[in-house]
Amino acid sequence: PGWPSVASAQMMPRPRRGGMSLHCPSEGPGAGARSQVASALDLELIAKLKEIKFTDADSVVVDACLREMHLAAILHSGEEGWGVFPFGSLANGFAKAGSDLDVALCPPDNPPD
C-alpha cells in the first residue's frame, strides 16, 4: 500500500528524431508478462524492506543505551555536563534493523561542532 509500482516507475529512453522520448515498458507486446514480473518484484521488495525496518522497539533500545552512556560518562568523570552525541545512520535517519549505534562522548568544555 502506497508503494509505487516498479512497472510504473520504470521508463526507458527510446531514440526519436529530434531528441528522446520515453515509453513505458508495460505497453506493447509482452506487456502482461512484464506486468506480472513487476508485480512480483514489488511484493519481494516490500517483504525485504519489512525485514530490515527500524521499529519502535529498536528506538526504545537506542534511547536506553544513550541514557546509560550519558550516566556512565558522568560516573566515570565525576562531573555533569558530558554529552553523548549519536552520529551515523541512527542520527541521520537511515538506520535499519541491526544498525550499530555510533556516538561521540564530549566533555562539558568541548562540545562537538
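**Close-up 1. Helix 2, seen from both of its sides.** The face of helix 2 turned away from its buried side carries Gln36, Leu43 and Glu51, which are exposed. Here, exposed means over 50% relative accessible area, buried under 20% and partly exposed in between, with a 1.4 Å probe and protein chains only. This is a predicted model, where local features need pLDDT of at least 70 and side-chain atom pairs count only at pLDDT 80 or more, while totals for chains, interfaces and linings use all residues. Residues are numbered from 1 along each chain as its sequence is written, and side-chain values use heavy atoms, with hydrogens and water left out. Helices (H or I, at least four residues) and strands (E, at least two) are DSSP runs numbered from the N terminus. Which residues of helix 2 are buried? They are Ala31, Ala38, Asp42 and Ile46. These cover an arc of only 75 degrees around the axis, so they sit on the same side of helix 2. The arc is taken from the directions that run from the helix axis to the C-beta atoms. As for length, the 22 residues of helix 2 (residues 31–52) should span 32 Å at 1.5 Å a residue, and the end C-alpha atoms are 32 Å apart, which agrees. That expected span is 1.5 Å times one less than the number of residues.

Close-up 2. Helix 3 (residues 56–77) has 22 residues, which at 1.5 Å a residue should span 32 Å; its end C-alpha atoms are 32 Å apart, in agreement. Just after helix 3 comes glycine 78, with a positive phi of about 80 degrees.

Close-up 3. Methionine 69 has its place in helix 3 and is partly exposed, at a relative accessible area of 25%. What does methionine 69 touch, leaving aside its neighbours within four places in sequence? It is in contact with Val84, Leu101, Val103 and Leu105, contact being heavy atoms within 4.5 Å. Methionine 69 and valine 84 are 15 residues apart in sequence, and 6.9 Å apart in space from C-alpha to C-alpha. Alanine 72 also lies in helix 3 and is partly exposed, with a relative accessible area of 28%. Between alanine 72 and tryptophan 82, ten residues apart along the chain, the C-alpha atoms are separated by 9.7 Å.

Close-up 4. Cysteine 106 is buried, with a relative accessible area of 10%, whereas cysteine 65 is partly exposed at 32%. How many disulfides turn up in the whole structure? The search finds zero, counting a pair of cysteine sulfur atoms within 2.5 Å as a disulfide. Zooming out, the protein chain has four helices and four strands, in the order α-β-β-α-α-β-α-β along the sequence. Buried residues make up 15% of its 113 residues.
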